[in-house]
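Let's take a walk through this structure together.

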Amino acid sequence: MENNKPIYVTQPSLPGLSEFIPYLEQIWENKILTNNGPFHQQLEKELSAFLGVPYISLFANGTLALLTALQVLRITGEVITTPYSFVATTHSLWWNNIKPVFVDIEPEFGNLDPAKIEAAITPKTTAIMPVHVYGNPCKIERIQEIADIYGLKVIYDAAHTFGVNYNGQSICNYGDLSVLSFHATKVFNTMEGGAIVCHDAATKKRIDYLKNFGFAGETKVMAPGINSKMNEMQAALGLLQLKHYRGNTEKRKIISDTYKKELAGIKGISMLPEPQNTETNHAYFPIFVDEKEYGMSRDQLYEKLKQNNIFGRRYFYPLISDFSMYKSLDSATPSNLPVATKMAEEVICLPMYPNLSDNDVSKIVKFLTNN
Ligand SMILES: *Cc1c(COP(=O)(O)O)cnc(C)c1O
């Protein structure tokens, strides 16, 4: 029985409950539950130092942070983005009445392909919203060059990139704004949570107004803001999670190394390459199934794993551009998105979390090997 318990794609990391109790006692003691309370302030300070980013603003979740990021920079019209992501990326544009324009991804890492961006720019384009998929950095230098030439903003959906460094600094320091998610399934979680990283104090101030109804003083409202504040329980949990982050990442790395070694020889299964100049967070472990070579389609393998209580996830399938609300856009046609279409048809993310046992990893590898 014990060795056939379900293995899910992830299992949220939590600190020991006893570690959390003193934080709760403090909240009950001081009766500050939200609105930039002491734990919120402390978490902003600690995250900014830990990640190596100049300014960070905490949010109730990543989606509200994305919505707000677009408001902060007054983005309108059309925004160039990727179909190979979680739906929240494009939904955030829709909720801001912005038209998403889908551009294909590059086959190496599955990130927005800079070579295809320029052809999609129109007079209405105001920004580019790429995603560092699986935590692997986009081609940030080329994307910035294009943005500079055409006068566009760059907002990175950095939901997968907590703790990722590129060229010796946080990947979140690139672009105009970067948006993180601290959802239960992410490498650093506050149950639900998120953040915007920005470069200067004035922008942080504007972000902080907008996440609190636009209040800029007791009686002054400077914009139609929203309520997207992180509460004190979330912030307290974040402070504790941060202490365990490095240990958890080391465990992920060991699992990732084992997968890479054990799966390397299997015909028809491919993995992503190692990104250059990057300190990764091992957030996900995607594999790509070539039906002809492997002798089984991705969906057949996915079902077979499921029948054996191994629950991978097809991140990202279907493509965002295939959902009914976006399907009719010109840029959503599969012929515009051949690379994304192929990746979405071949991908399975294997279980990956710090407490995944050696036994479970061996079991997963065995099923992939003996098809
Ligand atoms: C998780 C995720 C989000 C949404 O974050 P929430 O905190 O769940 O709202 C946005 N974009 C991507 C790419 C994600 O993976």
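On the domain 1 side, helix H4 (88-95), strand E4 (99-102) and strand E7 each supply at least two of the residues that touch domain 2. Sorted by class, that side has 21 nonpolar, 13 polar and 6 charged residues. Nonpolar covers Ala, Val, Leu, Ile, Met, Phe, Trp, Tyr, Cys and Pro, charged covers Asp, Glu, Lys and Arg, and the others, Gly among them, count as polar.

And how many salt bridges cross the interface of domain 1 and domain 2? The rule finds 0 there, a salt bridge being a side-chain nitrogen of Lys or Arg within 4 Å of a carboxyl oxygen of Asp or Glu.

## The model and its domains

Keep in mind that this is a predicted model: local features need pLDDT of at least 70, side-chain atom pairs count only at pLDDT 80 or more, and totals for chains, interfaces and linings use all residues. Residues are numbered from 1 along each chain as its sequence is written, and side-chain values use heavy atoms, with hydrogens and water left out.

Domain 1 spans 17-241 and domain 2 spans 245-369, with bounds taken from an automatic or database domain assignment. Their centres, taken over C-alpha atoms, are 25 Å apart. In contact (heavy atoms within 4.5 Å) are 40 residues of domain 1 and 37 residues of domain 2. Together the domains bury about 3300 Å², with 66% of it on carbon and sulfur atoms; buried area is the accessible area (1.4 Å probe) that two parts lose on being put together, summed over both. In domain 1, Tyr-84, Phe-102 and Tyr-134 lose the most area to domain 2, together 22% of what that side buries.

## A three-stranded sheet

Now look for an open sheet of 3 strands, ordered E8-E7-E12 with antiparallel pairing. Strands E8 (169-170) and E12 (278-279) each have a single partner strand, so one side of each has no neighbour in the sheet. Helices (H or I, at least four residues) and strands (E, at least two) are DSSP runs, numbered from the N terminus.

Strand E7 (residues 165-166) pairs with E8 over 2 bridges; strands pair if DSSP finds at least two bridges between them. Asn-165 has Ser-170 of E8 as its bridge partner.

By the salt-bridge rule, the count comes to 15. One example is Asp-257 with Lys-253, whose closest N and O atoms are 2.7 Å apart. Both sit in helix H7 (residues 232-263), 4 residues apart, or about one turn of the helix.

Most residues other than glycine have a negative phi, and most peptide bonds are trans. Yet a cis bond joins Tyr-315 and Phe-316, with omega about 10 degrees. The bond from Tyr-317 to Pro-318 is also cis, with omega near -10 degrees. Phe-316 lies in the loop between strand E14 (310-311) and helix H10 (338-346), and Pro-318 is in the loop between E14 and H10 as well. Finally, Asn-35 has a positive phi, near 60 degrees, in the loop between helix H1 (17-30) and helix H2 (38-51).
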